[in-house]
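Here's a quick tour of the charged side chains in this protein. Take a look at the model first, then read on.

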Amino acid sequence: DDAFVAYLNGHEIARANIGTVGVNPNFNTSAITYHEATMYSGGIPEAFIIHSDTIAKYLQSGKNLLAIQVHNYGTNSSDLSSNTFLSFGVKDQNRHYRDVPTWFQSPLFEKSNLPLVIIETQGKTIVDEPKITSLMRVVDNGVGNLNGYFDEATDYDSFIGIEIRGQSSQMFPKKSFGLETRDELGEGVNVSLLGMPEEEDWILSAPYSDKTMLRNALTYQLGAKMGSWQPRFKFCEVYINSVYQGVYMLTEKIKRGSDRVDVNKLKPEEISGDDLTGGYILKVDKIWDLTTDEYFYTYPSVRYYNARDYAFTYEYPKAEDIVSEQKQYIYNYLVQFQNTLNGSLFKDPVNGYGKYIDINSFVDFQIMNELANNVDGYRYSTFFYKKKDSDGGKLFAGPLWDFNLGYGNVDYSPMNLATDQWLYPHYGPYEEYPMHWWARLMEDPVYQEALYKRWTELRSGPFRTYSIMTDISLFTSSLADAIDRNFEKWPIIGQYVWPNYNYQNTSYQQEIDYLKNWVIARLNWMDANITSTTGFGSANLGNKKLEIYPNPAK
């Protein structure tokens with residue numbers, strides 16, 4: 001409390017929260033930020049690994065001096081504390097050494113079947129903007145091989161920019177991070193990580209309130225099986241400054257690109273004609289800073305809502321890059337679509353809503369949000385993208401994002417906990433609810449028929465109950481021993497974490513069983529309640545056997 005530099009025989013071996021690595025701070029240098037010690041309140045001290053190469057370089061025969069230089073945040077602070085433990089891994093069984101403290105854990109010497117992402121901040125503290133320059137190693141020795149902390153880097157061993165990301169998830173001790181792979185000059189560079197296509201922007205997503213750690217993974221996998229691009233991901237274990245952080249998902253960020261959201265590049269000078277019509281990526285979400293964030297609404301009044309809700313923000317081009325003509329175009333397009341959707345002729349096959357949107361993408365987006373009964377569905381973390389007129393010109397719903405609170409994982413919304421209620425009717429009628437689009441679409445029998453046909457098609461393929469249960473089981477088996485390490489680090493099984501409903505489960509397997517049972521009940525209810533609007537005639541089948549699908553069916 002608050003910062004330190006450690007020296008072995010006068011050579012720096014570790015530091016945190018002060019200055020630049022390799023530069024000795026003056027005695028009166030202040031720490032970068034406040035930092036509370038953890039031991040006095042029952043926590044485990046932070047750990048810093050001194051690599052064997054450093055030990056061999058600086059340790060000498062005979063007496064050695066370990067010096068700890070401690071710094072405070074400010075001269076007026078009322079307290080300063082430091083408590084230091086130095087532990088060595090010893091292989092020689094012929095000598096006896098003191099046991100390590102009871103709280104000491106050493107996961108570093110365990111091998112993992114998951115890839116390892118190892119980040120060193122060089123004494124800097126990761127904050128919520130701006131990204132700080134750090135170092136990252138990625139160890140992935142391939143399928144069937146274990147990965148160790150001290151193994152050579154395989155995928156990446158260079159600079160990154162890193163910052164804390166997320167909104168409500170920032171209150172959790174296990175943080176999610178945004179990453180940018182960089183060169184030594186701080187410029188972004190495209191790289192392939194864990195077999196995913198080259199890019200420079202990545203997300204380290206931290207499953208915490210979702211104790212299965214699978215809800216987002218399941219969503220992205222099912223979304224990809226539907227045929228559209230969804231964020232690719234790989235499970236991994238993460239270390240930051242030698243401290244084990246648990247199981248994470250290294251995930252692609254939603255952004256424009258041939259291997260991500262494939263819309264045309266839109267340059268600032270493209271302000272007319274076909275160039276102006278695409279591509280755009282937009283997001284509907286909460287707005288946290290109404291004074292600085294760039295946003296807009298597609299409805300005339302916010303009198304029914306908190307002004308922070310249901311706002312469109314610019315994902316591509318970014319707010320700092322998009323020009324006024326482009327802002328006006330995409331705003332006008334959305335308003336024209338919405339006015340048509342809310343008009344009396346919205347079902348018209350030529351000039352109705354179908355003129356503006358890719359109906360299949362809206363159907364698929366609805367199916368996934370309904371399957372998860374996603375508490376934030378249709379209103380938060382909701383993405384759209386629009387292609388150029390020369391590329392079809394339609395507005396697409398998606399990609400999918402942030403389903404941690406889906407699949408029965410909320411205690412504050414009974415309708416989203418239930419397996420036997422539709423989600424979309426709660427966001428209509430359009431006179432009151434800004435993101436009412438799907439509620440309005442469901443008033444069109446043609447759209448309902450498209451939903452029915454798509455659901456029956458999916459249920460005979462990737463959405464078969466057996467297939468989804470297999471996906472969940474394969475995810476679970478792939479995590480293997482990392483599950484235990486994660487919950488040793490974050491002992492929350494059986495504890496309430498906002499907004500868990502079924503938090504009394506006493507094991508990880510019970511969390512998985514709850515998820516599976518919830519999904520099965522949801523699938524069965526949707527089977528019985530997604531019906532065709534056209535009806536079907538009867539046929540004389542004689543003695544031929546007939547397989548009814550879905551089952552049960554009306």
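## A buried pair

Asp-376 and Arg-379 join their side chains in a salt bridge, 3.8 Å from N to O (a salt bridge is a side-chain nitrogen of Lys or Arg within 4 Å of a carboxyl oxygen of Asp or Glu). Asp-376 counts as buried because its relative accessible area is 13%, and Arg-379 is buried too, at 15% (buried means under 20% relative accessible area, exposed over 50%, partly exposed in between, with a 1.4 Å probe and protein chains only). Salt bridges with shared partners also tie Glu-199, Asp-201 and Lys-255 into one network.

This is a predicted model, where local features need pLDDT of at least 70, side-chain atom pairs count only at pLDDT 80 or more, and totals for chains, interfaces and linings use all residues. Residues are numbered from 1 along each chain as its sequence is written, and side-chain values use heavy atoms, leaving out hydrogens and water.

## Links across the chain

How many salt bridges does a search of the whole structure find? The search turns up 22. One of them pairs Asp-471 with Lys-225 at 2.9 Å, N to O. That pair links distant parts of the chain, 246 residues apart: Asp-471 sits in helix H8 (residues 465–479) and Lys-225 in helix H2 (residues 215–225) (helices are DSSP runs of H or I, at least four residues, and strands are runs of E, at least two, numbered from the N terminus). Asp-471 is buried at 7% relative accessibility, while Lys-225 is partly exposed at 35%.
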